[in-house]
Amino acid sequence: MSQRQVLQVFEQYQKARTQFVQMVAELATRPQNIETLQNAGVMSLLRPLLLDVVPTIQQTAALALGRLANYNDDLAEAVVKGDILPQLVYSLAEQNRFYKKAAAFVLRAVGKHSPQLAQAIVDCGALDTLVICLEDFDPGVKEAAAWALGYIARHNAELSQAVVDAGAVPLLVLCIQEPEIALKRIAASALSDISKHSPELAQTVVDAGAIAHLAQMILNPDSKLKRQVLSALSQIAKHSVDLAEMVVEAEIFPVVLTCLKDKDEYVKKNASTLIREIAKHTPELSQLIVNAGGVAAVIDCIGSCKGNIRLPGIMMLGYVAAHSENLAMAVIISKGVPQLSVCLSEEPEDHIKAAAAWALGQIGRHTPEHARAVAVTNTLPVLLSLYMSTESSEDLQVKSKKAIKSILQKCTYLPALEPFLYDAPPNILKHVVGQFSKVLPHDSKARRLFVTSGGLKKVQEIKAEPGSLLQEYINSINNCYPEEIVRYYSPGYSDTLLQRVDSYQPLTH
Amino acid sequence: MATLVRLQARSKFVAQQYYFRNSVVDIFRKKEYDAAVKIQSWFRGCQVRAYIRNLHRVATIIQKWWRSYSGRQEYQLIVKFASCAMKMNLYNAMAVRIQRRWRGYRIRKYCFNYFYLKEYLKAVSETNDAIREALEEFAEMKEREEKKADLEREEKKRDYQARKTHYLLSTKQIPGIYNSPFRKDPDPWELRLQKAKPLTYQRSKVKQKRCISLSSWLACTSARSFPRSEILPPIDRKQCQGPFRDITEVLEQRYKPLEPTLWVAEPISELKVAREEFRRQEWMRDVNDNMISKLYYHHLISSQSTENYIQKLDKLSKDFIEEGEKQA
């Protein structure tokens with residue numbers, strides 16, 4: 001009898017603990033409760049429950065801790081300060097899979113906030129146990145461990161190096177090959193976080209054979225997986241030419257171009273980021289992309305998105321056009337320039353406009369044909385207005401000025417140049433007049449058009465210091481015309497004529 | 001003496017006459033003198049002029065011959081230079097022709113082939129068009145697939161609804177809701193109800209099995225994933241019925257100390273040779289053998305050592321063979 005009563009006391013206590021821990025875990029899912037929980041001192045109460053005899057209570061306590069630490073970094077710091085981490089790490093090695101999942105969740109929640117907290121996790125030796133969890137058979141445990149490792153490696157290169165030194169990379173590559181989609185996603189995201197910091201880390205990831213598997217997964221229909229895979233490949237490819245070549249050798253073209261037509265915006269963005277990182281390095285890689293039809297696909301992708309999603313595509317066109325004039329001509333015949341000018345005028349954000357201006361400058365700066373192709377679409381006035389407007393950011397102003405200058409120095413398409421005579425500031429006017437002085441001596445039709453459209457009149461009105469370059473240009477323009485015409489259009493000619501009328505004595509017979 | 005007187009009387013006359021005749025002749029003398037001077041000067045002048053004329057004629061001849069000589073010299077020089085210049089111009093023109101051809105040839109063959117560039121750009125634009133078409137097709141295909149999947153989902157939902165509400169079917173006596181007598185044809189829902197098979201009780205239980213793949217950690221770590229029970233099992237319980245292993249054995253295995261595996265112990269990427277080896281074996285590397293993992297998923301909880309793996313494998317294979325034998 002009494003034995004049963006004694007045991008009943010124990011049972012009640014166990015029931016009370018279980019209920020407490022489950023309620024706390026449920027309350028911790030809602031952010032508004034967490035403040036109250038924190039003030040009530042939940043951390044110190046949960047800590048001994050982690051060492052409880054009953055495994056269920058341990059697991060639920062760990063889950064509750066994880067949710068609390070996930071919410072903000074003060075709580076995560078409290079977890080670290082409360083010396084909970086070594087206990088978690090120790091029991092990670094031993095307990096069942098539910099506990100492992102919960103403990104890995106806590107580590108992830110603590111490690112995601114700042115590099116110092118992640119360093120604290122590394123310091124208590126969690127990396128080795130997490131890597132051991134990566135070998136576990138339960139995919140949920142692998143996923144939790146991979147997620148934790150990914151968040152730790154995200155912050156900076158030293159932490160990434162620590163994760164790599166613990167031997168995580170080959171196991172992550174094995175995780176990518178698993179059939180569960182969620183595990184693949186997390187493993188791909190972890191590899192992306194590891195390889196983004198430095199070329200050596202990216203090389204380690206490549207040496208583990210990640211590229212082939214990542215390239216195969218581009219064909220997977222799941223869009224979140226595609227996001228992570230494309231992000232991982234672009235982080236690998238961005239560091240050096242060799243890495244980019246290795247990514248290209250995995251035969252991602254033209255499969256990657258299908259990702260540019262995906263419904264998910266971020267898949268498009270990451271795909272165009274990947275293509276941009278590859279195109280940026282050398283002209284040969286850009287040529288490869290152009291030969292595979294990548295430029296057309298990117299241009300269509302730019303046309304179908306709005307906002308920040310467009311930005312990597314725009315930059316990719318700029319990089320391709322920057323390498324050589326043949327590639328710039330390839331961009332022009334793929335109808336890139338109208339699209340870019342649409343971006344330039346439509347987009348509200350300054351940095352996207354700046355990127356579009358830069359890309360147009362790279363396209364138009366090579367030869368007169370290129371400049372003509374850019375000028376025909378009427379983008380030059382837009383660029384000028386962006387340069388002159390006071391609301392544009394400094395970066396936008398600098399980029400549009402450079403673009404205008406580089407295009408104008410090659411532009412021989414006079415109908416586009418004429419509006420510039422009227423509203424350009426003096427430093428740009430110099431280039432415009434210079435271009436006129438180069439074209440007009442050789443083309444008689446252009447000369448006639450220049451006079452009839454009022455350009456000659458405007459040129460006469462320009463005040464230039466004698467001996468300056470501008471004056472020389474004006475002189476060479478004036479030399480193309482007979483003197484009477486020049487005098488006719490010079491300012492104040494009507495006044496001189498009237499004076500002559502005043503001073504004329506009519507002949508009286 | 002008479003003569004003297006006569007002379008003396010005449011002397012005045014003679015003096016006068018002498019004087020007179022001399023003075024008269026004086027005038028004539030000057031005139032004649034002047035005339036003689038004039039004639040002589042004129043004649044001398046003529047002489048000198050003739051002489052000078054001769055001299056002029058001779059000097060002209062000399063100059064003429066000299067000038068013609070020097071002019072011919074100059075002319076020859078000019079002709080020489082002109083011919084040289086003409087020849088040089090000819091050579092230059094010919095050289096320019098050769099150079100022009102050569103330069104054009106060289107540029108076109110070795111440096112920049114305009115036609116090749118045109119061809120290349122044409123090929124690029126053709127590839128672009130092909131890619132654009134292919135991508136359009138791909139997008140359309142995706143949309144169609146999505147629509148199909150949506151339709152199928154809708155269809156399944158409607159089917160399930162019909163199966164759940166099968167009791168609304170009309171009978172011979174009572175027309176159902178969807179089969180009003182005032183309508184010409186029964187509602188299409190009626191036809192669906194006719195085709196639907198009613199749900200059985202077991203279906204609801206089967207549906208509650210939870211799916212293993214986790215889309216979001218927080219979503220799945222709800223209370224459902226953890227074994228939760230209202231009433232905990234009593235602490236001192238009898239041996240559970242069934243072919244379970246001894247509890248001490250189980251706990252022993254569960255809390256076995258960690259023995260790191262080969263994967264963790266041996267560093268993989270230490271040597272460059274090992275790297276090369278790895279790369280070569282890349283294509284031969286297997287994905288985890290799924291059958292084994294499925295077997296373990298149900299039986300194994302946390303054990304890590306390789307011996308245990310092998311033991312369990314042996315045990316399981318033995319069980320499998322025994323079962324097979326039993327069935328046979």
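Is A:Arg185 buried or exposed? I looked that up first: A:Arg185 has 17% relative accessibility, so it counts as buried. My cut-offs are under 20% relative accessible area for buried, over 50% for exposed and partly exposed in between, with a 1.4 Å probe and protein chains only.

**Ground rules.** I am working on a predicted model, where local features need pLDDT of at least 70, side-chain atom pairs count only at pLDDT 80 or more, and totals for chains, interfaces and linings use all residues. Residues are numbered from 1 along each chain as its sequence is written, chains are lettered from A and ligands numbered from 1 in the order in which they are written, and side-chain values use heavy atoms, with hydrogens and water left out.

**Salt bridges.** I counted a salt bridge when a side-chain nitrogen of Lys or Arg lies within 4 Å of a carboxyl oxygen of Asp or Glu.

For element names I use DSSP runs numbered from the N terminus, helices being H or I with at least four residues and strands E with at least two.

Next I checked A:Arg310, which meets A:Glu346 in a salt bridge at 3.5 Å, N to O. A:Arg310 sits in the loop between helix H21 (294-304) and helix H22 (311-323) and A:Glu346 in helix H24 (residues 336-346) of chain A, so the pair ties together parts 36 residues apart in sequence. A:Arg310 is buried at 2% relative accessible area, while A:Glu346 is partly exposed at 44%. I also noted a network of salt bridges that links A:Lys306, A:Arg310, A:Glu346 and A:Glu347.

A local pair for the list: A:Lys81 bridges to A:Glu77, closest N and O atoms 3.6 Å apart. Both are in helix H5 (residues 73-81) of chain A, 4 residues apart, or about one turn of the helix. A:Lys81 comes out exposed at 64%, and A:Glu77 partly exposed at 36%.

How many residues of H7(A) are buried? I get 14 of its 15, so I call this helix mostly covered. I expected a span of 1.5 Å times one less than the number of residues. For helix H7 (residues 97-111) that is 21 Å, and the end C-alpha atoms are 21 Å apart, which agrees.

I then looked at helix H25 (residues 350-364) and helix H28 (residues 394-408) of chain A, whose axes come within 8 Å and cross at roughly 15 degrees. Axes here are lines fitted to C-alpha atoms, for helices over the stretch in contact, with angles from 0 to 180 degrees between N-to-C directions. H25(A) and H28(A) are therefore roughly parallel (under 35 degrees; over 145 is roughly antiparallel, 65 to 115 roughly perpendicular, the rest oblique). Contacts (heavy atoms within 4.5 Å) include A:Trp358 and A:Leu360 on the H25(A) side and A:Leu396 and A:Ile407 on the H28(A) side.

A cis peptide bond joins A:Phe253 and A:Pro254, omega about -5 degrees. A:Pro254 is in the loop between helix H17 (241-249) and helix H18 (255-259) of chain A. That loop also holds A:Glu251, a non-glycine with a positive phi of about 60 degrees, exposed at 65%.
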